[in-house]
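Here's a quick briefing to read alongside the model. Have the viewer open and follow the residue numbers as you go.

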Amino acid sequence: MNLEFQLMRAGRALEAALGRHRRRVTAAVIVLLTGSAVTAFGVAPLVPDAAELPQRLVQQDLPGDAALQEQLLALDEHSLALYRSDLSRAGDTVDSLLKRLGVDDPEAARFLRTDPAGREVLAGRPGKMVQVLAEGGRMISLTLRSPSPLDERASTHFHRLEIKRLAGGGFTARTAEVPYAVQTRLSSGTIVSSLYAAADDAKLPDAVTNQLAELFGADIDFRRELRRGDTFSVLYEGLMADGEPVAWAQGAGRVLAARFENGGEVHEAIWFQEPGKRGAYFDPKGRSKNRMFLGSPLAFSRVTSGFAMRMHPISGRWSQHKGVDYGAPTGTPVRSVGEGVVSFAGRQNGYGNIVMIRHAGGHETRYAHLSRISVRQGSRVEQGQLIGAVGATGWATGPHLHFEFLVGGAQVDPVRMARASAPVTLSEAARASFAQSARSASLQLSAAAGSANQGERFE
């Protein structure tokens, strides 16, 4: 109260002084304002320091204090069961993975080390999706999601392992191959240095980038014609495993529509499938961007030996090379260049592991020196379907794929045949339906392309 009274007296004294010396105060203000053009000054508030103000501690008993204390003690003793998720890493041990997941459970660690199902968590490649439910560091359950080990299901299913603690002690495990759920995604990017760098910036899965390069490979030479400032937009299938985006290489399905602007020229591709026919890509006017045969059985590779005369690396003789050799690391996926029926899948002399596929019109393709075969004799394959992996079996000096194309039983140049193969065409009955799909896709791609030019991105 004393402080408040003093402040009131000071205010009244200041008001009286201003009244007695009004002209002098006005002149002083004008001088100060004029001097402010060259001088900076500060004003301190006329209030006391908060630390110097008087303080008072108020204490009051709450009703039902004993009951409240009982509740606080119960909450203190209660632990919550929480979910935590992470990806397995290269060099992980059972202990390091469980520690990241907040699990301190020797019994669970022992199960993951010794049980065949438990050892699956860290077996194979890293990047598996691991989720645990733990309470107070004790593991209640663990769910592992990873790529399907079955080649024929690798693009459509994922592998799920579920480990659960039993009420009487110990753990139980079960596995299943589960279909992916598909979520449509739209993304865009701008070229600064390379297609793959721009795709990484746009967070596109490698599988989508590979499809883009293949879709527009006939229109754009990505090594020589790509320019800084070129843009792309793509609508594609994002794969989901139990509601979570897939973290591994098969994280995306088919590209549904794509646009690439290169040097001011716009190229577009739209996926469309007629009832009863295989799907293909077309430009907005309905002209096919697909041919009966792919240009290469590998998504990306280098030709180490073409269809020409050469010195045989093993026999040392000058002879005609009746196929094309593609250099690639062991395990690189090999795909069928066209739809057909597997006429042979097994081992054969100098070819090593080989797959032969019979196509329409008396055409046949052969894929040799494989490290792994993923199809069976008599099975039907689609264009682009995985049939095996690059290896060095048979008469091979190193890992590569030997690829042959036969017409009427005689080997011909595979590259020439791919370029000359007939394109897929739209029937007149399907053109109206395609036009509607093309308009919808073009609108979405235009929106994404506009965001790429403005530095934004859809995801």
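Let's start with Glu268, which counts as buried at 10% relative accessibility (buried means under 20% relative accessible area, exposed over 50%, partly exposed in between, with a 1.4 Å probe and protein chains only). Its salt-bridge partner is Arg259, with N and O 2.2 Å apart; a salt bridge here is a side-chain nitrogen of Lys or Arg within 4 Å of a carboxyl oxygen of Asp or Glu.

Before going further, keep in mind that this is a predicted model, where local features need pLDDT of at least 70 and side-chain atom pairs count only at pLDDT 80 or more, while totals for chains, interfaces and linings use all residues. Residues are numbered from 1 along each chain as its sequence is written, and side-chain values use heavy atoms, with hydrogens and water left out.

**Salt bridges**

- The structure holds 15 salt bridges.
- Arg259, on the other end of the pair with Glu268, is buried too, with a relative accessible area of 16%.
- Asp242 and Arg145 also form a salt bridge, and their closest N and O atoms are 2.6 Å apart.
- Asp242 sits in the loop between β7 (231–241) and β8 (244–245) while Arg145 is in strand β3, so this pair ties together parts 97 residues apart in sequence.
- Glu162 and Arg174 meet through their side chains in another salt bridge, at 3.1 Å from N to O.
- Glu162 counts as buried at 18% relative accessibility, whereas Arg174 is exposed at 56%.
- There's also a salt-bridge network, which links Asp86, Arg89, Asp92 and Arg100.

**The five-stranded sheet**

- Five strands make an open sheet in the order β1-β2-β3-β4-β5, with antiparallel pairing (two strands pair if DSSP finds at least two bridges between them).
- At the edges are β1 (81–87) and β5, each of which pairs on one side only.
- From one strand to the next, the twist averages 15° (axes are lines fitted to C-alpha atoms, for helices over the stretch in contact, and angles run from 0 to 180 degrees between N-to-C directions).
- Strands β2 (residues 129–135) and β3 (residues 138–147) pair antiparallel over 7 bridges, and Glu135 stands opposite Arg138 in β3.
- Helix α5 (residues 106–114) packs on the sheet and touches β3, β4 and β5, with its direction at about 55° to that of β5 (contact means heavy atoms within 4.5 Å).
- Strands β4 (residues 157–165) and β5 (residues 171–179) run antiparallel and are joined by 9 bridges.
- His157 has Pro179 in β5 as its bridge partner.
- The β4 and β5 hairpin has 5 residues between its strands, and Gly169 takes a positive phi near 110° there.

**Positive phi outside glycine**

- Lys203 isn't a glycine, yet its phi is positive at about 60°.
- Lys203 lies in the loop between α7 (195–201) and α8 (206–215), and counts as exposed at 59% relative accessibility.
- His369 is another non-glycine residue with a positive phi, near 65°.
- His369 is placed in the loop between β19 (363–368) and β20 (370–373), and counts as buried at 6% relative accessibility.

**A histidine in β19**

- Where is His363? It lies in strand β19, and is buried with a relative accessible area of 15%.
- The His363 side chain reaches the backbone oxygen of Ala360 at 3.5 Å (a polar contact is a pair of N or O atoms within 3.5 Å; within protein, one must be able to donate a hydrogen and the other to accept it, and residues adjacent in sequence count only if both atoms are side-chain atoms).

**Whole-protein numbers**

- The protein has 10 helices and 24 strands (helices are DSSP runs of H or I with at least four residues, strands are runs of E with at least two, and both are numbered from the N terminus).
- Of its 459 residues, 38% count as buried.
- Among contacts with a separation of 6 or more, 60% come from residues 24 or more positions apart.
- The accessible surface is about 27400 Å², and 53% of that belongs to carbon and sulfur atoms (Shrake-Rupley method, 1.4 Å probe; for residues, only the protein chains shown count as cover).
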